[in-house]
Amino acid sequence: MKYIDEFRDRALARRIADNIACEVDSSRSYAFMEFCGGHTHAIARYGVTDLLPDNVRMIHGPGCPVCVLPIGRIDMALHLALDRQVILCTYGDVMRVPASQGMSLIRAKARGADIRMVYSPSDALQIARANPGREVVFLAIGFETTTPPTALAILQAARVGLKNFSLLCCHVLTPAAIAHLLEAPQASQYGTVSIDGFVGPAHVSIVIGSRPYEGFANHHRKPVVIAGFEPLDVMQSILMLVRQVNTGRAEVENEFTRAVCRDGNRRAQDLTAQVLEVRDAFEWRGLGEVPKSALKVRSAYAGFDAERRFDLGYEAVADHKQCECGAILRGVKKPTDCKLFGSVCTPDNPMGSCMVSSEGSCAAHYSYGRFRDIAVVAA
Amino acid sequence: MCLALPARVVALRGADSALIDLGGVRKEVSIALVPEVQVGDYVIVHVGYAIGTLDVEEAEATLALFAALPAGITS
């Protein structure tokens, strides 16, 4: 497909790998965090790790909205579906996220709850129009990429006077999470990891632009290179990060110029701001409460806010005791450091959220990387 | 979750909507977030909405960058 296949070319990948090998300083090591799950998935799927020198390590960040969704938020959705008999619509990725007492949305669906997987917020709107006698709630998750479509759905619902549609808003903000990783690592029970630079978000940056990362480069002296989600994009961004580190620079650079500009999509930002506003704090799996890191429905659209409409409160619930998702989401541990990985916790039966989404570190490693850990022995 | 793919706009359908083609698959998506797009443009599609446009010249420039030879080596 045009503008996809070219960015997966094997010969060009080799060329970039040669460039990286030529330019790394063998007397030091490099640790870069790819914030996004989309990059984590690309690195695992295309074997990017195998093309990097041994002293360049990629640390998987918390940029997978399914992975960072805490149990308490899924419990709210389960309550609506099971006890309040709403039609609950959500993205397919959310269906198997483990919730309290061994429940998940897909298990609730098996018990008869009316839970529907949708591709788009407009599908949820359509379900609301088709079921005027039922309450329809859209459990909306995602980073800035996914937020503007949600905001448009609310605006459209308001325009046509839809009375049975509301939003359980779990949209989260990328810059707040990166800031949290940089500013409060010592406060974490999981320990810290040293990061030399960030591979910056691809599609999030189409919406918010490259400007929001400038503070990280300036104040924290960390290079950021915004990169597309194809494997060559990731490799080129690693080369650009190596160059910044080698020359002592800490700047925001943009590898994904074909889709990202400094200001982002202003129209998408404005429409989102009409409907949604920043929450004081939001709990992230792995990061805990992060100030000003998520969005909620503005009071002008209170009728479309499921939390107000159904008088829902949030209760934090602890993760599975042996699950290492928290440390993995901070980059402190690897999937294989977890006792549950690949034994009781698999993509078919995830115990922790990093095993749920294909973008989660654990699921990506399970699907594409786990055989790399096994030594090849001649028969 | 942030999965989005570049697709070519085949026809404008009025009321913030366009028909796109992605490797032969055609689908109607919302262009409410990028109302300026024209037939022939490439848009980045996510959950049924075009969230941005793809700059064809920048894409070619990036591909040329990938092909750069290692420092100090000339062909």
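The model is predicted.

Start with the sheet. It is open, and its four strands follow the order β4-β3-β5-β6 in chain A. The pairing is parallel. Strands β4 (115-118) and β6 (165-171) of chain A form the edges, each pairing on one side only. On average, neighbouring strands are turned by 25° against each other, direction ignored.

Now look inside the sheet. Strand β3 of chain A covers residues 87-91, and strand β5 of chain A covers residues 136-142. They run parallel and are joined by four bridges. A:L88 stands opposite A:V137 of β5(A).

Two helices pack on this sheet. Helix α4 of chain A, residues 71-82, touches β3, β4, β5 and β6 of chain A. The direction of α4 makes about 165° with that of β6(A). Helix α6 of chain A, residues 121-130, also packs on the sheet and touches β3, β4, β5 and β6 of chain A. For α6, the angle is about 175° with the direction of β5(A).

Is A:S293 buried or exposed? Its relative accessibility is 0%, so A:S293 counts as buried; the cut-off for buried is under 20%.

What surrounds A:S293? Leaving aside residues up to four places away in sequence, A:S293 touches A:V172, A:L173, A:A176, A:R279, A:F282 and A:W284. With A:W284 there is also a polar contact, side chain to side chain, at 2.8 Å.

Note on methods
Residues are numbered from 1 along each chain as its sequence is written. Chains are lettered from A and ligands numbered from 1 in the order in which they are written. This is a predicted model: local features need pLDDT of at least 70, side-chain atom pairs count only at pLDDT 80 or more; totals for chains, interfaces and linings use all residues. Side-chain values use heavy atoms; hydrogens and water are left out. Buried means under 20% relative accessible area, exposed over 50%, partly exposed in between (1.4 Å probe, protein chains only). A polar contact is a pair of N or O atoms within 3.5 Å; within protein, one must be able to donate a hydrogen and the other to accept it, and residues adjacent in sequence count only if both atoms are side-chain atoms. Contact means heavy atoms within 4.5 Å. Two strands pair if DSSP finds at least two bridges between them. Axes are lines fitted to C-alpha atoms, for helices over the stretch in contact, and angles run from 0 to 180 degrees between N-to-C directions.
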